[in-house]
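Please open the structure in your viewer and get your selection tool ready. We will take it one stop at a time.

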Amino acid sequence: MALEESETAAAKRIRVDLQLIADMVRPRSRVLDIGCGDGVLLDYLVHMKQVDGRGMELSQAGVNAGVAQGLSIIQGDADTDLDAYPSDAFDYVILSQTLQATRDPRRVVEQLVRIGRRAIVSFPNFGHWRVRWKLGWTGRMPETDSMPLKWYNTPNIHFCTIQDFLDLCTELDVEIEKAMVIDASGQPGAFTSRWRANLLGEQGMFLLKKRGG
Amino acid sequence: MSSQSSQFTGIRPEFPGLRLSFGSDQPLQLDSGASLAPFTIAYQTYGALNREKSNAILICHALTGDQFVADKHPITGKPGWWEAMIGPGKPIDTNRFFIICSNVIGSCLGSTGPSDINAATGKPYGLGFPVITIADMVRAQALLIDHLGIEQLFAVIGGSMGGMQVLQWAAAYPERVFAAMPIACAARHSAQNIAFHEVGRQAITADPEWRNGEYLAQGTSPARGLAVARMAAHITYLSEAALHRKFGRNLQDRAKVTYGFDADFQVESYLRHQGSIFVDRFDANSYLYITRAMDYFDLAAEQGGQLALAFKDTKTRFCLVSFTSDWLFPTSESRAVVHALNACAANVSFVEINSDKGHDAFLLDEPEFTAVMKGFIDGCAWHRGIR
């Protein structure tokens with residue numbers, strides 16, 4: 001088994017934003033990755049951090065591909081299928097690039113910090129200067145590298161800015177333990193101020209927990 | 001084959017394979033309060049048990065299935081019912097795992113059932129056989145696993161009624177099941193499914209040759225009734241799309257309809273054939289008893305209706321599988337089990353396979369299902385440290 005692990009270790013390379021999420025996760029913890037796609041992050045966490053990892057994914061094709069790789073994934077919807085889990089069932093609940101596609105993001109965030117002792121949330125920032133420029137200058141819905149679809153066919157129905165998200169966290173009494181941004185080149189940046197992060201961060205990434213939890 | 005006389009008239013045939021027998025002093029306690037003694041469990045094994053005894057997989061068969069999961073069937077001569085899945089280099093790899101499959105009690109392929117001689121009367125049990133449940137079947141299997149010296153099964157896998165047994169194993173013996181794969185099944189038998197079973201049972205008991213269950217002693221055979229039961233059930237194993245693809249409205253060996261009640265349509269001829277070959281390999285009373293066991297299955301019932309309590313604190317790794325066109329055990333049934341397992345924060349995978357082949361899809365060649373089976377087993381083997 002040691003040999004297998006070192007073999008996998010050499011092979012695992014994941015996207016920068018996923019690596020940032022993985023770096024926040026403690027080894028051997030319990031993790032639920034919501035909207036896990038075909039399980040790239042989950043696979044990394046299971047093999048590199050020895051977590052007890054589960055995934056939830058809306059697309060059946062993604063689920064089947066992930067399970068065929070030996071991952072624990074269920075077909076499910078962040079909007080409807082989180083209620084069943086007991087409180088504090090996981091050490092981390094991850095919602096990467098999915099919040100903006102949920103029908104009720106406020107309820108989803110509440111659920112994340114209920115079923116996870118910590119939640120890790122990342123989303124495209126609609127307050128980024130390029131988005132503002134496109135909307136302000138062209139008068140049309142912005143299309144960017146991280147948001148390439150048209151307004152009528154995008155699954156992203158609830159865009160928000162970093163400022164909006166931070167307001168929601170305050171409203172829900174959710175504590176931000178860690179905040180960072182990812183710039184246009186995919187590099188992580190420090191979260192020096194809300195205003196600056198909201199202008200320069202293409203994505204926001206947050207480690208959350210319920211206050212007093 | 002239909003011209004042959006049934007195997008289940010007159011003398012009980014001897015089938016090949018392994019046997020574990022318990023004497024009159026070791027009764028099997030049943031849910032009904034009755035007990036069964038003496039009794040025998042017929043089983044087959046494939047591959048080798050490793051030194052740690054950590055690589056055993058129990059396969060649970062469906063209603064009319066048997067222990068010959070990867071062997072030629074002793075009556076029909078057909079390949080084992082899951083040879084596509086089990087064998088060297090296959091998803092359930094006999095080079096790696098020790099595979100066990102036992103005939104459920106109440107059945108008729110070697111394990112004690114209603115066609116066996118009741119020691120108390122010297123005649124076949126017939127309706128004197130006690131009513132059995134899925135939990136009773138599993139209790140008997142557990143005795144076999146004890147006998148084989150296996151503390152914990154690496155996996156318990158089964159489809160349809162086999163899937164019910166998998167769920168029962170996971171609920172009753174959580175620490176003895178490392179991984180569980182319930183396929184195309186439910187945690188409780190639905191009203192619709194009980195209704196279909198009742199039609200089958202009525203067909204059998206309405207056959208005058210059934211003789212109140214004593215046909216073996218009286219030398220008759222309720223073959224017509226059993227065949228009708230099989231025909232009705234067989235429809236539920238398929239889908240509208242599969243039937244249409246296979247037969248459409250095609251006529252059987254004729255150019256036009258005959259304005260009579262012969263099998264004008266291919267689908268009629270097919271069903272008649274399915275019915276007639278079934279009676280050669282299955283006992284009518286076993287059919288009554290095993291359908292009853294499925295009807296009674298309701299895992300949540302003894303937990304006050306809360307299915308999650310049946311799996312509380314489970315460490316077992318689950319993978320549930322359903323098929324899109326299965327209307328006998330639809331995806332919603334598997335999803336209900338998944339929600340219950342989520343409520344205990346269990347380690348669970350859930351896959352719905354796109355197939356138009358209906359309930360029977362789990363027995364057929366479905367590449368995506370095969371890939372999921374292999375992925376789940378390999379992943380669990382990695383976690384269990386099995387090479």
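This is a predicted model: local features need pLDDT of at least 70, side-chain atom pairs count only at pLDDT 80 or more; totals for chains, interfaces and linings use all residues.

**Stop 1: a helix in chain B.** Select residues 161-172 of chain B, which make up helix α2. How far apart are its end C-alpha atoms? They lie 16 Å apart, which agrees with the 16 Å that twelve residues should span at 1.5 Å a residue.

**Stop 2: where chain A meets chain B.** Select the residues in contact: 25 from chain A and 26 from chain B. About 2100 Å² is buried between the two chains, with carbon and sulfur atoms giving 50% of that area. Look next for polar links: there are 14 residue pairs in polar contact between chain A and chain B, but zero salt bridges.

**Stop 3: the chain A side.** Hide chain B and pick out the elements of chain A that each give two or more residues to this side: α1 (2-11), α3 (40-48), β2 (52-57), α4 (60-68) and β3 (73-75). Which of them gives the largest share? That is α4(A), with five residues. Finally, colour this side of chain A by residue type, and you will find twelve nonpolar, seven polar and six charged residues.

Technical notes: Residues are numbered from 1 along each chain as its sequence is written. Chains are lettered from A and ligands numbered from 1 in the order in which they are written. Side-chain values use heavy atoms; hydrogens and water are left out. Helices (H or I, at least four residues) and strands (E, at least two) are DSSP runs, numbered from the N terminus. The expected span of a helix is 1.5 Å times one less than its number of residues. Contact means heavy atoms within 4.5 Å. Buried area is the accessible area (1.4 Å probe) that two parts lose on being put together, summed over both. A salt bridge is a side-chain nitrogen of Lys or Arg within 4 Å of a carboxyl oxygen of Asp or Glu. A polar contact is a pair of N or O atoms within 3.5 Å; within protein, one must be able to donate a hydrogen and the other to accept it, and residues adjacent in sequence count only if both atoms are side-chain atoms. Ala, Val, Leu, Ile, Met, Phe, Trp, Tyr, Cys and Pro count as nonpolar, Asp, Glu, Lys and Arg as charged, and the others, Gly among them, as polar.
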